[in-house]
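Please read the following walk through a structure with the sequence and the 3D view at hand. The text goes from the ligand to the metal ions and then to the aromatic rings.

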Amino acid sequence: MVLWSPLPLIEGLAGLLPLLLALLSAFVCLDCASRITTHRWPYSLAWAIGAALAFSTVSLSLHVLWVDAIGTSFAVGYHPVLLITPWILGVMLSLPAWWLMFGTRATWQHQIAGGLLLGSTLLVTQSVALLAPGFLPGLQWNGGAMLTGTTVMMLAALLAGKLFQAQTALLSSRPVRLLASTTLMGLALWWASFHLTHQSNWPQQSGTAYAGMISLGALTLLASLGTLVLLLMTLLISLMEARMQSSLQLVQGTLEKQYLTDPLTQLPNRAYLEKALPEIARQTDEARRTQSVLFLDIDGFKPINESFGHRFGDLLLQAVAQRLVTQAGDGAQVIRWAADEFVVIGQPGDGRVEVAATARMLLDTLKQPLSIEGRDVPVAASIGIAIYPQDGAHSMLITHADAAARAAKSSGGDTYCFFEPHMLQDIREQMDLLRDLKVALDQYQLELYFQPKVHAPSGQITGAEALLRWNHPTRGLISPTVFIPIAERFGLIGDIGNWVIQEACRQIREWRDGGLRMRVAINLSVHQMRQPDLAERIASTLAVHDINPRLLTCEITESVAMEDTESTKQLFARLAAVGVHLSIDDFGTGYSSLSYLRQLPAEELKIDRSFVVDVEHSEDARAVVDAVIKLGIALDLKVVAEGVETDGQYQVLRRLGCDELQGFLFARPMTAKMLFLWATVDRQATHQEFRPSLFADTQMQPLDDTASGEEPDLQRLNKA
Ligand code: C2E
Ligand code: MG
Ligand code: MG
């Protein structure tokens, strides 16, 4: 058994050409085959076919070149059919070989089978090609040489495949892996093909049966030049494809980066985080540590956006993002989750104490004013914290941190909160209410209740505040403090607010038609204050119901009214121009600028209930009420105290000089029908009196507020 023959080297240049072809073809074959993994069906098949064609062609060519190199003493000719047969067999055998070795799901068994098949391909092509000239007398096959050649080829193919796929530090780049495996496989192909061709000592034979057919000379030319051209062309196609792939990858990389980046802040976005979280969780598990997630929601961002404009809002978000990135620290990561929501992936391994300190630090940092378009803007935020793995699976972390952020927000904002399971219950509850609230208007479940306002010195009823109630089909009567925040958050407040305006005006008209000239106050939400057509809407509703605008009061909470913005001032001016009264609700809870308050065309201040509760016993509360009353006198504003529950409070407030009072002591909020009956039928039954002027225009004098002068229509009202 000959393992190494010096013959190729002795033959000099003639042996170098097969070596060149063998190396080139090994490179082409491996390059094509490696694309089976990276391409999708059917392109992967095309590359497998390419590798198979190249391998089979080269096997046959090497055979021809070796025959020519070794040389014979007689003319050698080939039978075309017998020549084409090994080529076809070679393609058929090596195609599955490449597929097995480089397929996407290649196991080591597949690779062995692939190597075996490639070895067999070489054996079959070489052996069948040896039959093509029809040596006379017949060949004496050398089993040992056949086994050696095949085994070498098989092992080399197997190793080359493994080498190409191994991504060690040494073989990390594709060109290096390709070069190493090419050298191994090329040398094996060169040596094994020579070994198999030379196995049966054919030069000693006397001649070939097909000497007159395709001559060896022509074949050698074809084998050397043709194969070289074929290989070079395949290489060229492969190189072009590689270039195309790399530019495609570049585009894909850019697109992917864009997809995972928030264009405004240039921070990683929600898509990025959703992709990254499983990996973060895996690493956390592996290191057996914890991982905190902080969900940060800016407090009151919407009004900022709406008052100062979206450009200002954008600049603010950019500034917040930048500050968070600088402050969060090296091991942390900041993500823009949604509009004004950011997620900070905390330092790995931080415990509750460290995370709490980070949250506090972030809140404090944001409070240092950010300079935006020449304004210094301090930012407050609410932070919810969830810690992996104790606060749930990675897929639930953000939901849980978000729930905690909402809890922080509903406790007044500017604080942080750790996740607790009951917070989810609150969210579920809110979602249920939201679902029901969406149909509440259409199903006539909303109703206005009315709470009388009482003239302090005389104790007479002067008007009423409309307070919204939700008659929920299963939960009963729900307070506006429960559902108005939900309606505000999920954009339902616009429709509800419009309904309140309509319904209040309709009610005023109905009472008015029934002979009761009741002043009614409605509450306006922040969201309504941002409606550009609010004043026009109120004016047209008043006109439709033919109501004097002075009968309607709009209550706006102090915190909303005192937003010193051009749009607030304009809205107040427009509402005043419509002719409605303006009242500043919950006064004392926000911080009012006196000079600003003076500019607002308001007529009334409503002292917040929290001062009224303590007015009997607390000197401070009394001082506040006294100050508000003095302010009212100075600015010519009527002062109303709300939430009066005891006679003691009533007496103190009256003594201090409050103009009007409202509270359970006088009357709880009631239905429109009850109020009307009280005013008209049961007037004498209670100690509370209605101010005579409430009936004045229908009983005594011509109407100043309505065009119609019809008599009270009690029957119609009672039917309603
Ligand atoms: P508000 O405008 O300050 O209304 C006064 C609240 O205090 C009412 O609660 C009223 O029922 C309650 N109240 C009155 N007297 C007393 C008392 O003596 N003791 C106590 N403990 N409470 C008293 P309600 O009806 O639950 O309304 C709460 C808030 O919901 C209102 O505060 C107002 O800001 C808002 N709201 C009510 N209706 C509407 C509406 O139609 N639209 C908007 N946007 N907000 C509304
Ligand atoms: Mg109110
Ligand atoms: Mg109030």
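Which atom of ligand 1 does a polar side-chain atom of Asp585 lie 2.9 Å from? It is an oxygen atom of ligand 1. The model is predicted: local features need pLDDT of at least 70, side-chain atom pairs count only at pLDDT 80 or more, and totals for chains, interfaces and linings use all residues. Residues are numbered from 1 along each chain as its sequence is written, chains are lettered from A and ligands numbered from 1 in the order in which they are written, and side-chain values use heavy atoms, with hydrogens and water left out.

A polar side-chain atom of Arg609 lies 2.9 Å from a nitrogen atom of the ligand, and an N or O atom in the side chain of Glu645 is 2.5 Å from a nitrogen atom of ligand 1. The protein covers 84% of the 790 Å² of accessible area that ligand 1 has on its own (Shrake-Rupley method, 1.4 Å probe). In total, 24 residues surround the ligand, each with a heavy atom within 4 Å of it. Strand E13 (460-472) is one of the elements that give two or more residues to this shell, and E13 gives the most, with four residues. Helices here are DSSP runs of at least four residues (H or I) and strands of at least two (E), numbered from the N terminus.

The magnesium ion (ligand 3) and the magnesium ion (ligand 2) are 4.1 Å apart, and Asp585 coordinates both. Asp586 is partly exposed, at 23% relative accessible area, whereas Glu642 is buried, at 11%. Buried means under 20%, exposed over 50%, and partly exposed in between (1.4 Å probe, protein chains only).

Aromatic rings form the last topic. The count comes to 14 aromatic pairs, where rings of Phe, Tyr and Trp (its six-membered ring) pair if their centres lie within 6.5 Å; planes under 30 degrees apart are stacked, over 60 edge-to-face, and the rest tilted. Trp41 and Trp99 are edge-to-face because their planes stand at 90 degrees, with centres 6.4 Å apart. Trp41 is exposed, at 59%, and Trp99 is partly exposed, at 34%. Trp66 and Phe194 are also edge-to-face, at 5.0 Å and 70 degrees, and both are buried.

Notes:
A polar contact is a pair of N or O atoms within 3.5 Å; within protein, one must be able to donate a hydrogen and the other to accept it, and residues adjacent in sequence count only if both atoms are side-chain atoms. Donors are N, O and S atoms within 2.8 Å of the metal (3.2 Å for Na, K and Ca); water is not among the atoms, so sites may look incomplete.
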